[in-house]
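Look over the sequence and the model first, then read the points below.

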Amino acid sequence: MRTNDGKASDRLIGKMQEYDMKFANDHSDNDCVDIGGIFNACLGLSGEVGEFNDMIKKWVFHEKELDMEHAKKEAGDILWYVVMLCESFGWNMEEIMQMNVDKLKARYPEGFDVERANNRAEGDV
């Protein structure tokens, strides 16, 4: 593989050691990052989104009835991992949500627009 130099595990271990040493005794620092929590959240999030998407796929394309209570539970699982991700980075969930609202209001001041969606201003991420 051209993009795998065989050093991914070394980088992961190095990053974990960097944060372990930096924050070993002080978990009150706003820059404290829980690497294990981040991985748990990322992997859990992708798994739960996959489960939810599979339900939607079967509802739409397999003509299977959508179990709304089950869908709500899967949506709750997705939110659980989003919260875990925020906590693992030391982020405030409400702040992250407000940042997204502000970003979308700036991007679409008059509401969603296909032209604006496909031609974003430089730096609009």
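**Briefing on the predicted model**

Cys32 is buried, with a relative accessible area of 17%. Buried means under 20% relative accessible area, exposed over 50%, and partly exposed in between, using a 1.4 Å probe and protein chains only. This is a predicted model: local features need pLDDT of at least 70, side-chain atom pairs count only at pLDDT 80 or more, and totals for chains, interfaces and linings use all residues. Residues are numbered from 1 along each chain as its sequence is written, and side-chain values use heavy atoms, with hydrogens and water left out.

**Fold and overall shape**

- The protein chain holds 5 helices and 0 strands. Helices (H or I, at least four residues) and strands (E, at least two) are DSSP runs, numbered from the N terminus.
- The radius of gyration is 19 Å, well over the 14 Å that the globule rule gives for 125 residues, so the protein chain is more spread out than a compact globule. That radius is taken over C-alpha atoms, and the rule is 2.2 Å times the number of residues to the power 0.38.
- Along the principal axes, the C-alpha atoms fill a box of roughly 50 × 40 × 35 Å.
- Of the 125 residues in the protein chain, 18% are buried.

**Nonpolar core**

- The largest nonpolar core has 8 residues: Tyr19, Val33, Ile35, Ile38, Ala41, Tyr81, Met84 and Leu85. Helix H2 (35-61) and helix H3 (68-89) each supply at least two residues of this core.
- Such a core is a set of buried Ala, Val, Leu, Ile, Met, Phe, Trp, Tyr and Cys residues joined through side-chain atoms within 4.5 Å.
- Ile35 touches Leu12, Lys15, Met16 and Tyr19, leaving aside residues up to four places away in sequence. Contact means heavy atoms within 4.5 Å.

**Two loop residues**

- Cys32 sits in the loop between helix H1 (8-22) and H2.
- Cys32 and Tyr108 are 76 residues apart in sequence and 34 Å apart in space, C-alpha to C-alpha.
- Glu63 lies in the loop between H2 and H3. Glu63 is exposed, with a relative accessible area of 73%.
- Phi of Glu63 is near 55°, a positive value in a residue other than glycine. Most residues other than glycine have a negative phi.

**Charge**

- The protein chain carries 15 positive and 26 negative side chains, and the centres of the two sets lie 6 Å apart.
- Lys and Arg count as positive and Asp and Glu as negative, while His and the chain ends are not counted. Each charge is placed at NZ of Lys, CZ of Arg, CG of Asp or CD of Glu.
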